[in-house]
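Here is a request for a short exchange on how structural terms are assigned. Each reply sets a value against its definition.

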Amino acid sequence: MSDNTVTLIIDGHQVTVPKGTLIVDAAKQIENEIPVFCYHTKMDPVGMCRMCLVEVGTPAINRETRQPELDEAGKPVIRFFPKPMTACTTPVSEGMVVKVDSESALEKRKGILEFLLTSHPLDCPVCDKGGECPLQDLTIRHGPGNSRFDYEDKQRFPKRYPLGDLIVLDMERCIICTRCVRFQEEIAHDPALAVENRGRRAHIVSYTDPVFDSHYSGNTADVCPVGALTTRDFRFGARSWELTNAPSVCNHCGVGCNTVLSTRTGQIKRIMPRQNEAVNEVWICDKGRFGHHFNGSPNRLTTPLVRKDGELVEASWAEALDLVGQKFAAIKEAGGANALGGIAGARLSNEDLYLFQKLFRDVIGAHNIDHRVGLSATLEDETAYTVGVGCGTDLSRTGKGAAILVIGSDLDQEAPVLYLRVAGAAAKRGARLINAGGRQTKLDAQAQTSLRYRYGTATHLALGLLASVVEQKLVDEAGIEARATGFAELKKALQNYATAKVADVTGVDAEEINAAAKAFAEADNGIIIFGLEAGNDSALRAALEALALVTGHAGEADNGLIAVLPHANSRGAADMGVVPDRLPGYAPVDGEAGLSAQEMLAGESGLKGMLIAGVDPAAESEAYQAALEGLDFLVVQELFLTETAKLADVVLPVKGAAERDGTFTNLERRVQAFDIGVPAPGLAWADWLVLVAIAGRLGAEWLYASADGVMAEITQQVPLYAGMEFENLTAPVSLERKTSHYIYEGMSFTADAREGVQWPTLAENNAEGGPKLPLRFIEPAPVAGDEDGFTLVGSRFLYDGGRLLAESQVVESRIRQPQILLSKLDAQRLGVANGDEVTVSQNGVSVALPVKINRMVAEGTAVAPRNVAGRPVEKLVGPGGVYATVKVEKT
Amino acid sequence: MTHENGIDLALMDEVFQKYSQQKGALIPILQNAQDIYGFLPQEALQLIADKMGVSIGKVYGVATFYAQFYLEKRGRHILKLCDGTACHVKGTPLLVTALGDGYHIQPGETTEDGDLTIEIVYCLGSCALAPVTILDDQVMGRMRPEMMVRKVQKHIKDAQKAAGA
């Protein structure tokens with residue numbers, strides 16, 4: 001017996017578990033599962049439902065001798081507690097004896113179920129939970145056959161009570177386990193729900209305005225062990241046993257949450273989380289859960305369109321592809337390969353993106369490709385290649401001894417499930433969280449340290465932290481020696497970033513900078529997360545890379561950098577070389593780089609023809625639209641007739657992620673495969689297949705028959721992706737790794753759990769003798785002087801004006817409309833109230849926006865959502881910019 | 001800062017001062033608030049949530065859990081009638097009927113003039129005095145209907161006089 005384990009006996013089986021384990025978890029090692037309703041392995045135990053009652057005995061101790069009492073056979077005497085204990089709140093102890101299936105324990109659980117069922121309606125035939133309901137299952141195993149309860153005394157509550165727009169409450173079905181209330185408090189940190197009254201009148205309420213205001217509300221329906229909370233999306237949608245479940249990966253942001261597409265007769269009926277402890281644990285956000293209706297939208301493109309006499313008319317694939325082949329060949333013939341260019345969205349899969357760049361580089365012979373338009377223009381990241389978080393990083397375990405430094409990201413909006421994990425690491429597991437940002441965000445409530453810098457000085461702050469680490473002699477000498485070069489030069493450059501000076505520039509207190517630098521450097525593990533609001537700045541990324549290397553937080557699991565990239569495959573787009581200056585796998589191109597997206601869309605680019613896939617630059621600005629109109633020939637691969645598609649000469653309909661297979665690479669460089677869930681409408685093809693066909697029309701002989709086959713070539717051509725064969729990516733995780741979060745924790749349990757594969761960074765390679773990394777220093781852009789006016793910040797919000805979301809009716813009411821968030825005091829000063837219009841102007845550009853007063857916004861700051869109808873804030877801060885100093889006046 | 005419906009939230013300042021150092025003081029703060037306003041107005045609950053840094057849901061949860069807290073305005077005088085087994089047998093239903101006749105209110109209700117609220121409680125632990133009632137802080141045992149109505153009338157009148165003087 002080691003010091004950290006405890007051995008006990010459960011129903012005659014000897015079980016050895018770590019100290020502090022609860023009886024309910026210890027019992028999972030044997031066949032006898034202890035039934036629970038309120039217990040959830042991700043939440044603190046409360047012992048409310050009493051379903052887990054077991055008999056517990058401990059070795060008797062003689063009061064005089066203080067020695068264990070022994071019976072005649074020399075075995076310890078076990079004294080059972082007179083009352084049953086709740087297995088979910090009782091930790092194990094040495095020599096404990098637990099009876100789960102004794103007659104007395106069964107009798108007690110039967111009694112509890114009889115109580116839970118006194119007012120529970122027998123509406124299982126119309127209940128969404130039917131067939132996957134713990135209450136049903138446990139009633140079969142433990143329930144009494146009849147009830148002694150008086151029907152007249154049944155508790156009545158309103159049925160179909162809307163808890164906000166997305167969740168419906170049937171209070172009569174509720175058994176007050178409070179999993180939903182606790183999920184919102186402990187995990188989502190949106191205490192939107194509460195229990196009102198007590199005893200039989202207890203019920204669930206929401207006091208927030210708007211009702212049940214949270215990005216995570218759908219998870220409460222998952223964890224609900226009965227049918228009390230149902231989603232508007234799945235309500236009466238299907239019986240659970242009729243569903244076909246396909247493992248998938250969410251296509252809405254860079255986190256890459258694992259999901260299950262539950263389908264019936266070719267339609268997605270619901271989306272639920274699929275367990276992956278390394279990515280999303282057992283959660284997904286409401287955007288991922290409810291934002292799938294675009295798949296079945298009547299506005300989907302179902303057939304190729306070709307422009308004839310100025311009008312887009314339906315055409316066959318052969319006709320459309322022939323035209324694309326002829327025109328592209330003619331343009332190349334007349335103007336050379338560089339008269340052609342392409343932009344691919346970061347929503348495309350790795351297979352699509354790989355073939356996209358291969359089409360341009362190998363078949364056409366141009367490097368004019370890019371993915372950085374729209375939100376992708378706001379944040380780039382090449383540091384993942386050097387010091388990205390180590391393979392095996394698992395934020396669900398990050399806790400005591402670790403430090404997380406967040407710079408310029410409103411995680412709750414940009415990457416909700418990453419927010420859950422970072423907040424949980426700090427609030428639940430004791431990690432040190434330093435949240436640096438230009439404004440207050442939800443994460444500040446969980447952060448021990450909030451560093452509030454002036455917009456535009458994030459790089460100075462990062463360099464200040466780095467200089468402070470050096471000044472305080474907290475550098476990891478051995479780590480630098482092993483992994484990096486150029487420390488002496490870096491030290492010299494940092495002399496200009498003394499704490500006092502940085503404090504002056506950034507507005508952050510000098511002592512706080514020193515304390516934060518110390519906390520981060522001294523932590524056992526350190527992760528740096530940076531997002532859009534820090535600015536798309538290579539100087540910042542160089543500083544953060546150096547900070548990770550100098551503090552020794554690089555090249556190992558649970559250490560390194562994470563960029564909060566905007567789209568599902570933003571990482572993959574960079575990995576696959578869909579940029580004008582790098583090949584797949586981050587090798588620089590031979591010779592001259594091609595045109596970037598900004599250059600291609602600037603007009604006068606010299607381009608005659610373009611291929612645009614899965615991205616809508618025409619919706620972004622009139623200038624882009626004019627540039628596209630100026631082309632001789634435009635081909636668009638799209639789901640919908642977007643603004644860009646309307647300008648095209650050929651529009652090719654493609655499949656959504658749910659309709660095909662492929663892989664996405666998430667922001668932790670985890671490559672994850674998704675399966676086909678539903679058939680595509682009409683004649684849509686997968687993007688990679690369209691590219692194969694175009695290449696064929698241009699004379700190439702590509703023999704790919706499946707996404708799987710494309711990936712097989714990627715594994716050969718891109719060393720980073722060696723080992724990413726579909727066979728590996730779709731291998732189910734071992735039973736041991738599956739741990740415990742199954743049906744009773746509110747999981748869809750029928751689809752495979754997979755973990756994906758991460759590719760290793762240079763910092764990890766150089767631990768094994770790879771090349772050392774140069775410590776880079778890039779002079780930050782000069783900080784603008786104080787100007788009069790508001791600091792307008794263009795922020796990312798979860799429910800923005802993206803096309804996929806716009807087509808998903810369920811979340812319609814939550815989609816951000818153009819608006820400007822102001823503090824109450826500033827609104828009073830301007831003489832405006834909620835809904836009044838103000839004119840926001842800068843350098844002759846002005847836009848009118850309705851006001852919304854927000855208590856998180858500081859005086860002198862104004863926040864406006866990006867990527868919403870008309871792109872008003874982008875007009876002021878620029879397509880890739882973050883902030884601007886503006887004038888705000890009452891209209 | 002008097003709120004539009006006559007709730008003076010400034011009265012809470014002293015309460016918050018008293019409990020500012022104490023963790024988990026939600027219940028005593030609610031009790032103090034109720035002493036001030038006679039019930040727990042919504043504005044006060046929101047203020048308590050903000051000051052204590054807990055969610056409004058949690059505050060409501062506690063306020064609705066305990067029978068001692070009231071979320072609606074009550075009468076200036078509270079008459080509690082015990083309807084435990086002993087008092088019930090000794091005639092509490094008759095007392096309720098008498099009050100219904102005299103004041104036109106049922107248990108849980110308040111008279112229109114805001115003078116009196118009556119409540120049913122279950123066992124005050126004074127079964128020897130059954131039927132027992134409590135008028136504000138005054139225990140009245142072995143009650144009979146006419147006597148009780150007289151005592152209540154006098155109590156209200158005395159209080160009005162005292163307030164007038």
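The questions below cover the contact between the chains, then the pockets.

This is a predicted model, where local features need pLDDT of at least 70, side-chain atom pairs count only at pLDDT 80 or more, and totals for chains, interfaces and linings use all residues. Residues are numbered from 1 along each chain as its sequence is written, chains are lettered from A and ligands numbered from 1 in the order written, and side-chain values use heavy atoms, with hydrogens and water left out.

Q: Why is the pair Lys58(B) and Glu185(A) called a salt bridge?
A: A salt bridge needs a side-chain nitrogen of Lys or Arg within 4 Å of a carboxyl oxygen of Asp or Glu. The N to O distance here is 3.4 Å, so the pair qualifies. The count between chain B and chain A is 1 salt bridge.

Q: Which helix gives the most to the side of chain B that touches chain A?
A: Helix H4 (residues 56-65) of chain B, with 7 residues. Helices here are DSSP runs of H or I, at least four residues, and strands are runs of E, at least two, numbered from the N terminus.

Q: How many residues make the contact, and what makes it a contact?
A: Contact means heavy atoms within 4.5 Å. Chain B brings 10 residues and chain A brings 9 residues.

Q: What is the area buried between chain B and chain A?
A: About 820 Å², with 57% from carbon and sulfur atoms. Buried area is the accessible area (1.4 Å probe) that two parts lose on being put together, summed over both. Ser55(B), Thr64(B) and Phe65(B) supply 46% of what chain B buries against chain A, more than any other three residues.

Q: What makes a space a pocket, and what is the volume of the largest pocket?
A: On a 1 Å grid over the protein atoms alone, a pocket is an open set of points where a 1.4 Å probe fits, with protein on both sides within 12 Å along at least five of seven lines. The largest pocket has a volume of about 2500 Å³. Volume is the space filled by probe spheres set on the points, which are joined across faces, edges and corners.

Q: Which element gives the most to the lining of the second largest pocket?
A: H4(B), with 5 residues. This pocket holds about 1300 Å³ of space.

How values were computed
On a 1 Å grid over the protein atoms alone, a cavity is a set of points where a 1.4 Å probe fits but cannot get out, and a pocket is an open set with protein on both sides within 12 Å along at least five of seven lines; lining residues have an atom within 4 Å of a point.
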